[in-house]
Amino acid sequence: MRLSLSILAVFLSVLTFSAEASYLEKEPSKLYEEANVIVIGRVADRFSHWEDNLIVTKISVAVEKKFKGNPSGLLIIEQPGGVVDGRGLKVSDTPPLPRGDRALFFLRAHSDGFFTIMGGPQGKISLRAGKAIEWNISEQDLLRRMIKGSTGLADLRYQIEQSSTYQLCIFDLDGDGVEDDSLDWVETSGSYSNGEYHPVDGWYINNNNDDGLTDDQVISAFQDAANAWDSAGACWSFGAYVSISNDPNLTTAVQDYKNTLTFGTANEDAYASTYQWYWSDTLSTAEVDVVFQQSYKFGVPACGFYYYYYQTVDLQNIATHEFGHWLCLDDIYDYTYFRETMFGYAQPGQCKNNTLYTGDTAGVQAIYGICSE
Ligand SMILES: [Ca+2]
Ligand SMILES: [Ca+2]
Ligand SMILES: [Ca+2]
Ligand SMILES: [Zn+2]
């Protein structure tokens, strides 16, 4: 279904906004060393509001136990995302933080007095029924380890066990911090023609990267990334990009009825973030933007140990993962499925995400249906 701009405007009051990302894996011991503040606490309250182009949520946490730093008894975590007057932002790589949720938090302190969770989802370990869920140890064991500092965490790894090779994205439709429903993405992420779904009004590139990548390099990385999904045997087609611009000031997602890939400020620690704007009542997409984190060094191509050594990130590798988010596939944090493009961690010199794996293909076919090429 193709929506006119006037119809889009009517729906703006229930527009929801979502973001996802790809992260560098951080060992728990490294998180311990880098965090300013580490606490066990319980989410007391949440408040979402607009800040520039984005919706952010302030989450108050009642501190129960301090392991590092000396925060007050009630600290405030800031996260991109939330719902304001029917519009919201979901960051699928960052954990949901509903009221009453109890967890171990690795936090970065900011000069404005707020804290952010480090390493995306890796900086929040859920505590439920005597277990530290994502580390798969008991809470007692966690307490014993935390006393030893970073060395006590050396053999732990963040993992979420899964029964499926792919994850469909799930949205918090009412902004209460609890994820509610997956999007019926088939009807939403684009128009339908020639037996396939396409992104509404196509997609655009803004090349403002600070790594000296030419337009041709950026185009080839993004177009190849899109082509990987177009060749997955699903009834979906990104097709060719519409046009390329070089606006230095386009550094965030902007809800401007254009699907744009640009460079600028993505979510904290993420290589890139995908922002999905949609309406929570009809579950229809308005647009998708992807922002690649300018502070990282990107290369085209940047495959292999040389690039790992020089901390250069393959742009196509990250873009392919982000396009998967666009299609409404979510991150996977089960190491059984580390080969998948939608596996949540990436690293410099890595190019394995350029090629889809079985779960990626099964996922996109499950959403859009199977179409032969
Ligand atoms: Ca909810
Ligand atoms: Ca846009
Ligand atoms: Ca850069
Ligand atoms: Zn991701």
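The structure is a predicted model, in which local features need a pLDDT of at least 70 and side-chain atom pairs count only at pLDDT 80 or more, while totals for chains, interfaces and linings use all residues. Residues are numbered from 1 along each chain as its sequence is written, and chains are lettered from A and ligands numbered from 1 in the order in which they are written. The protein chain has 7 helices and 22 strands, where helices (H or I, at least four residues) and strands (E, at least two) are DSSP runs numbered from the N terminus. Of its 373 residues, 47% count as buried; a residue is buried if 20 or more other C-beta atoms, placed from the backbone, lie within 10 Å of its own, exposed if 12 or fewer do, and partly exposed in between.

**Confidence**

- The mean pLDDT (the predictor's confidence in each residue, from 0 to 100) is 88 for the protein chain, and 89% of its residues reach 70 or more.
- Over residues 1-20 the pLDDT is below 50, although this stretch has 56 contacts in the model beyond near neighbours in sequence; two residues are in contact if their C-beta atoms, placed from the backbone, lie within 7 Å.
- Where pLDDT is low, the predicted coordinates should not be read in detail.

- Not counting residues up to four places away in sequence, Val364 touches Trp229, Ala232, Ala234, Trp236, Leu327 and Leu329.

- In helix H3 (139-147), the residues Leu142, Arg145 and Met146 are buried.
- These three cover an arc of only 100 degrees around the axis, which puts them on the same side of H3, the arc being that of the directions from the helix axis to the C-beta atoms.
- The face of H3 turned away from this buried side carries the exposed residues Gln140, Arg144 and Ile147, whereas the cover over the buried residues includes strands E3 (54-68), E7 (102-109), E10 (131-132) and E11 (137-138).
- In strand E18 (residues 260-264), 5 of the 5 residues are buried, with Thr260, Thr262 and Gly264 pointing one way and Leu261 and Phe263 the other.
- Strand E16 (residues 204-206) runs parallel to E18 and is joined to it by 2 bridges, DSSP pairing of two strands requiring at least two bridges between them; Tyr204 has Thr260 as its bridge partner.

**Backbone features in loops**

- Most residues other than glycine have a negative phi, and most peptide bonds are trans.
- Cys328, in the loop between helix H6 (315-326) and helix H7 (358-368), has a positive phi near 85 degrees and is buried, with 29 other C-beta atoms within 10 Å.
- Tyr257 also has a positive phi, of about 65 degrees, but is partly exposed, with 14 other C-beta atoms within 10 Å.
- A cis peptide bond, with omega about -15 degrees, joins Val300 and Pro301, and Pro301 lies in the loop between strand E21 (297-299) and helix H5 (305-309).
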